[in-house]
Amino acid sequence: MIRYIIRRVLWAILVLLIVVFVTYVIFFLLPTGDPAVRLAGKARTPEILAQIREHYGLDHPWYVQYLLFLKRAVLGDQYGWPGLGQSFTTKVPLKETIFGRIAVTAQLAIGAALVWIVIGLSIGILAALRPRTLGDRTAMGLAVLAISMPVFFLGPLALYIFWFRLEWLPGTGYYPLGEYGFGEWFGHWILPWVVLSVLYAAFYARLTRSNLMETMTEDYIRTARAKGLSEKRVVLKHGMRAGLTPIVTVFGLDLAALLGGAIITETIFNLPGIGQLTVQSVGSQDLSAIAVITLVAASFVVVANLIVDIVYAILDPRVRLA
Amino acid sequence: MPEPLLEVKDLKVHFPTQDGLVKAVDGLTFTVQPGETLGVVGESGSGKSVSFLTVMGLISRKSAVIEGQVFFQGQDLLQMTNDELREIRGAKIAMIFQDPMTSLHPFYKVGDQIAEMILAHEDVPKKDAARRAVEMLGEVNIPQPEERAKQYPHEFSGGMRQRAMIAMALSLNPDLLIADEPTTALDVTVQAQILELIDHLQSEFNTAVALITHDLGVVAEHTDHIQVMYAGRIVEEGTGDDIYYKPMMPYTWGLLRSIPRLGHDTDRLTPIKGAPPSLIFLPDGCAFSPRCPYVFDECRLVQPELLPIDGRHATRCHLGYTDRQRILDEEILTRS
Amino acid sequence: MTTVETTPAREAPKSGEPLLRLEGIVKHFPITRGIIFQKKVGAVHAVDGLDLDIYPGETVGLVGETGCGKSTLARVAMRLYDATAGRIVLEGRDITDLKGEELRNLRRDMQMVFQDPYASLNPRKTVGTIVGGPMRLHKTVPRDKIKKAVQELMELVGLNPEHYNRYPHEFSGGQRQRIGVARALALRPKLIVCDEPVSALDVSIQAQILNLLSDLQDELNLTYLFIAHDLSVVRHISDRVAVMYLGKIVERGDRDDLYAQPRHPYTGALLSAVPIADPRLAREKRRIILEGDVPSPIDPPSGCRFHTRCPRSRALAKADAQVSQPWMPRCAAEEPELTPFSDTQVAACHYPLDRPIIVLDPS
């Protein structure tokens, strides 16, 4: 197992290096304008531009900039460790920004995840146990409907109905728990959580249903029944336990991807998470921020992949990690 | 005769499918005496597995129409509620299946799976159940049972897995053990080990055994009473001596002539002509009539009854007794 | 004490040259481990030194259980795997290291019928394509004559030639196996290796396929290497039989001799284990039940590979007061050679059997 983890970690590092490398290549290959000009703002004299270039290291060729970025990331810079530099646009050290943003995105992702897991799995299990009945077909039909309704449609629709017309819920924005009461905090999270989870819940319901249906045809389910176990135990302890493993894998990866930024949801609901930062940084060609965001998001995915593989091996004793 | 342990009366199990009604079991009547070993022989599609799955209550009424009566120790299992059946399943009637690799849950330890069965039926502390699980593993000759109990099924060999299944099935000392092709997926020396184990445990625990198989050799060596099934019915039943030395039904003749048998050398085997019957479109008369070399008109029109010949030897065939005796002497027994 | 043959017998050479000669075949599958660079830490000894001659027109039955290496051996003989060591000689020609074009041409002489009729046929191809494929590939039949040739073959194996355009799933298991046989015959090979061709079939279909194989052998003068685990089937179809255990042949001989008096205790155990469809014969059978499981081919036992489970070695050790281990010391220390017991039978055992297991002539 240890050997396996070491090998995976080495590969992970390689992947991250490549991801950031590709980010740099794309950034410099696209004709987006001179970052120094943007940084200079109004005072665009050649001397100031030269100064800015030197300060931000923009006078080096792009691959050197890439290496400098790596060096600072690993060794730290004037803002501490890890050395993520400062945003070109806000000039604020990215280290603080990033962690703050991650916190918001994490609340969004985890909250939505809990919702979609509970709803998705329950519906999936119930549908699997009553295949081809009206309930099953209705549930799967609704699931298809939900998958067809993207967040950028559902979001504004939900806001319109629940905030604008019915005035049941407060509007957009992020109200941190520390500064505001539970009600304010929670009230502003309901819509983003539900809207984001609808799509995933539908997916997971379908996934659970098909997994469980397949598992229930396995021989060991017949053995479990032959042992005289209660049907509830047969379904949950024997059926779901086996059907769960692919769901766990997918869940880990979905969550990791979301942690890298739920761009559309954050934009619609005005949540200051990584997604929103991504949009802003790309719009303002803030290479420094983009590089850091890419690194962070990629790290989440890479780490999640490793964790998910290990969890799979723990759940399924037949899997030998080689 | 003592009260039979299991008495199946005119059991019918029909599955409605898109292509038609599949009559998997179509009027099955037999008994199992306490402590005896019944051999149930047939090819795929004969209904041998479905009939015993129905006895166990593992065929749901949502997928099949079930008629008839299945008396176990005097009570009709087909009239019981699911809860009542669950109490019997595992504790009084246990079943082991063909493929031990897929019949055990891959994610749980073997000892836990056995203990789970004990705990489902008896109110004992977990530690007791675990200890009994280890004891049962020892009973089936699995070396180092304590360590093995903590292992997962994939860490066992095929033969050991089947032993573990037997251990699990017998852990509550059931009165009837149904073994559905228990050795088909195993190597021949392992098969011999498992069959001997079943023989041994049967006499030790005085369990009745229903041994379902397609292998006429297995049945010859390990059973007291044999029933040959075809298209969901019994076509011949009797002791080993009856079936192998005095068979009286063309399907049995066909089976015996079509397999390579040690001690009966032939240059060519005589396969049964035709193909196994469609269970949807069964003929009006005898189900075997399309393939029977001795068929005559009545066979195609009227279904024969299962009639006794001698003691518990019975057959389902329209041919006259003397005709059959003649065919037996002239054609069947001369080949060896 | 066991009796020892006083007149040293020699395995009499058969007349003529063997069609296929396997000499010293070894096939190991390496096991690797490592973080970045994989290093070989062990090997699966699938076949570990095996000699076998197959003469034209005969059927050699190769028997053994899971893990004995018989399927691997078949594939090595067919050059589907490369041998780790040893020589393969087909009609006097060394084919061990053939590659490329020459290897492809070899397929005209040796073909295989596989076990699983459901998995060994490409479900997306019609019967005509499957059986005609080899002809097209090797250009043995002109293109415009292929269909006719295929239909002739179909008839030969008992299929309706009008089903030329049907797909495998439209056929039953037995019919699919016939397609497999037809495909194997497409190039008119001299040797056909049958790898458990009837194990996956229903009892009544087995008979049909066995009869077919037997008839084809007479008609087309074929030679078979017939691999199976069912000793009744092997007895029915073979002229000579070889028994494998953990990668080696432990006994080999004429069919009747071997079944009448097996010499190697493993052969004896195999014979004893076969259920006999005859209650009286079954009752008279000597019961030899092996204990435990087959050892792993990664780490085969020392000396005679069978010694850990050998009932004969155990019985002798028990009877001998001077032996404290559960088996005879010679069995654990020294690997026995294949020694002849007659001019047709050889076995590798220090303490061979001398009493029959089953009495096949109950007259």
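1. Basis. This is a predicted model, in which local features need pLDDT of at least 70 and side-chain atom pairs count only at pLDDT 80 or more, while totals for chains, interfaces and linings use all residues. Residues are numbered from 1 along each chain as its sequence is written, and chains are lettered from A and ligands numbered from 1 in the order in which they are written.

2. Sheet in chain B. Eight strands of chain B form an open sheet with mixed pairing, in the order β6-β7-β8-β3-β9-β10-β12-β11. Strands are DSSP runs of E with at least two residues, helices are runs of H or I with at least four, and both are numbered from the N terminus. Two strands pair if DSSP finds at least two bridges between them. The edges are β6 (93–96) and β11 (306–310) of chain B; each has a single partner strand, so one side of each is left without a neighbour in the sheet. From one strand to the next, the twist averages 20°.

3. Helix on the sheet. Helix α1 (residues 48–55) of chain B packs on this sheet and touches β3 (37–41), β6, β7 (176–180), β8 (208–213) and β9 of chain B. Its direction makes about 145° with that of β8(B). Axes are lines fitted to C-alpha atoms, for helices over the stretch in contact, and angles run from 0 to 180 degrees between N-to-C directions. Two residues are in contact if their C-beta atoms, placed from the backbone, lie within 7 Å.

4. Strands β9 and β10. Six bridges join β9 (residues 225–230) and β10 (residues 233–239) of chain B in the antiparallel sense. B:Tyr230 is opposite B:Arg233, and B:His225 is opposite B:Thr239. The two strands form a hairpin with two residues between them, and B:Ala231 in the turn has a positive phi of about 50°. β10(B) also runs antiparallel to β12 (residues 313–316) of chain B, with two bridges; there B:Glu236 stands opposite B:Thr315. Six of the seven residues of β10(B) are buried, so this strand is largely enclosed by the rest of the structure. A residue is buried if 20 or more other C-beta atoms, placed from the backbone, lie within 10 Å of its own, exposed if 12 or fewer, and partly exposed in between.

5. B:Gly232. This residue lies in the loop between β9 and β10 of chain B and counts as buried, with 27 C-beta neighbours inside 10 Å. Not counting residues up to four places away in sequence, B:Gly232 touches several residues, among them B:Lys23, B:Asp26, B:Gly47 and B:Leu279. The C-alpha atoms of B:Gly232 and B:Gly47 are separated by 4.6 Å, although the two are 185 residues apart along the chain.

6. Chains C and B. Here 35 residues of chain C are in contact with 34 residues of chain B. On the chain C side, α6 (203–220), α7 (231–237), α9 (265–273) and α10 (279–284) each supply at least two residues, and α6(C) gives the largest share, seven residues.

7. A:Ile290. This residue is in helix α13 (residues 287–315) of chain A and counts as buried, with 22 C-beta neighbours inside 10 Å. Leaving aside neighbours within four places in sequence, A:Ile290 is in contact with A:Thr23, A:Phe27, A:Ser281 and A:Val282.
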